[in-house]
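Try each task before reading its solution.

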Amino acid sequence: MGATTDPGYAQSNYSSPQGGALPYGPARGGGSDPRNSYHYQRKKRGKIIAGVIAAIVVLVVIVGGICGFTMFRDYKNITAKVPTLMEQASGLKDSVMAGDGETVRTTAATIASEVSGMNDTLSGLPWQIASLVPVVGQDVQSARTLVSEADRLCQYALIPACDSLADVKLSNLMTDGAVNVDLLQSLVSTLQNISPVIQQSAETIEALPEARIGKVSELVTKVQDGVRTANSAVTALNEVAPYLPQMLGADGNVRHYLIVAQNNVELRSTGGFPGSAGVMTVVDGRIELGDFTGIGTSADKGLEWYDQVGFGVTDEEIAIFGDRVGKIPADTPYIFDFPRAYSLFSAMYTDQKGGTIDGVIAIDPVFLQYLLKLTGGITINGVEVNGDNAARLLMHDAYAMFDTDTQDTFFSAVASAAFSNIMGNLGNLDLPAFVDVVTRGIEEGRLQMWMVNEDEENIIKQTGAGGEVKTDPTAPQLGVYAGDDTASKISWYLSTNTTMDAGTKNADGSTTYHATSTFTNNLSLAEAEAQPTYVTGYSPLKRNVSDMFIHIYLVAPSGGTISNVSSTGGDFSTQNWSALSWNGFGVYTASPLINGQETVTVTYDVTTSPEATEPMVIDTTATAQAVAGWQQ
């Protein structure tokens, strides 16, 4: 009978150390092998597992050592490159502003290449492993995300933007008095393409968790702030830029803009008396300017006055400003809201002159001087008007140089020649300097615009050039405005200043500020007696030759109030303080007479809306005081 095989038994191949059979070999049909016991098998498995764990530990130590060394080396290499990249990025902005296309492209490519290399490094195995380590792994992953998003921004935003911007300079954008609309539209298209990329990266970086490692936390916060700012700027530009071609008459659509010169020495709430105006026609970027004419009465070929109030002027406006704003074109800017004032002005202008007006661009002599500083001066009637003397000449010296009949002609000629000079030289200007001048003009309220088209008007407001009374209760604005009613050029001698404390938070979430506004007549009696009446004024209310008669308007922030108004100095007998309303805004107004060398001081409390989330700011009428040299 053949041998049988026990399925639960296998012949041992083991032998004793001496080569003999193991003494405890299994016996058929009886006894048991200790090696088959439960305890033996568990011990055996334990040794195997321990060996595996030991091997893994050794492997981890070896790999960890290699990774640690590699990561340290990577860290040193990356941190060594960052300062250079930051310097290149800063230089890139300067190159764009300077119109250095070759440097723009080269620098952008270099930055993108370096960042891509960093991203490849941090995508490697050591950094992937490090990102899995408890606690610190989260910070490692955040750092990897930052570099990954930076690479994405370089490839899909920086490179396309720089390719588009490389050939842009004012000389390309503006030639022979015309704007290159095709180039502008190309820039708009690029901006629209890169905007979603920047927005998505901004959202990704914004969502990163708070870092535990100090240096990583500092880096994440810095990058978040930078990308947030860039995203906000690009978003704002992307809202504005698409409308620029149509505002420049793209596709043969003719646009007509009224260019108005406001004179700060005959003060109005928006900045000054609109002494002269001319129509600018724009089609496919080509700009033509009609003759500037004086804005006065029919006697000087300006605009006639109306016998009756019209043009939709409200009872509220008549109560605050008088019926003049519905009858006299040049008095509409007593209304402190630029869009409202110049929509009325435009309606009266087209009513008498015909045609259509698509918008108004108003500048004052100070802004004109800023521009002439860049473009060079002009000569009118043998008088040089330049970037050093334009404001003083137009607001003071000319009244002694020319008789009354010649002055308005001189001013209109200066406005026309200066505009032609500026447009003719715009392409040769230094772009950063031009941007600085425009920005300064907007911030000081010396460059203001209004558009008939609602969408275009909204983007003008976004640029800060709208001159409107702000309607957002979360961003409170106190308005302090002044209008001269002396029938004079005496506002040259007026200086104003408004200050406020840090504010006190109220239980309902609103904030109350204590404010002080001063209005000073800097004209001495001796100088007043040496000036022609045309300068000192014809108002029958004047008590002596140095007296000025002004209207003061204090406008509460949206959803807020003004209270506890009191004043010292001046003569308020003609009109003392009255609490009125304009379009839902609380307005305090008074009309004091202020003698030469006298100051009116007004104190009051301003309470914001409970919805306010930002500190209150102050908007005020632009005056000539900086040019005249009066203390503010």
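**Exercise 1. Describe how helices α6 and α7 pass each other, and list who makes the contact.**

Solution. Start with the handedness: in this predicted model, the crossing of α6 and α7 is left-handed. Next, find the helices: α6 covers residues 181-206 and α7 covers residues 214-240. Their axes come within 9 Å and cross at roughly 150°. Angles over 145 degrees count as roughly antiparallel, and α6 and α7 are therefore roughly antiparallel to each other. Finally, look at the side of α6 that touches α7: among its contact residues are Leu191, Ser195, Ile198, Ala202 and Ile205. From α7, the contact includes Val223, Val227, Ala230, Val234 and Leu237.

**Exercise 2. Find how β17 is joined to β18.**

Solution. Locate β18 at residues 585-594; it runs antiparallel to β17, and seven bridges join the two. For one example, take Gln575 and look across to β18, where its bridge partner is Ser591.

**Exercise 3. Summarise the whole protein.**

Solution. Count the elements: 18 helices and 20 strands. Then turn to burial: 46% of the 632 residues count as buried. Last, the accessible surface comes to about 30700 Å², with 54% belonging to carbon and sulfur atoms.

Note on methods
Residues are numbered from 1 along each chain as its sequence is written. This is a predicted model: local features need pLDDT of at least 70, side-chain atom pairs count only at pLDDT 80 or more; totals for chains, interfaces and linings use all residues. Side-chain values use heavy atoms; hydrogens and water are left out. Two strands pair if DSSP finds at least two bridges between them. Helices (H or I, at least four residues) and strands (E, at least two) are DSSP runs, numbered from the N terminus. Buried means under 20% relative accessible area, exposed over 50%, partly exposed in between (1.4 Å probe, protein chains only). Accessible areas come from the Shrake-Rupley method with a 1.4 Å probe; for residues, only the protein chains shown count as cover. Axes are lines fitted to C-alpha atoms, for helices over the stretch in contact, and angles run from 0 to 180 degrees between N-to-C directions. Angles under 35 degrees count as roughly parallel, over 145 as roughly antiparallel, 65 to 115 as roughly perpendicular and the rest as oblique. A crossing is left-handed if the near helix is turned anticlockwise from the far one by less than a right angle, and right-handed if clockwise. Contact means heavy atoms within 4.5 Å.
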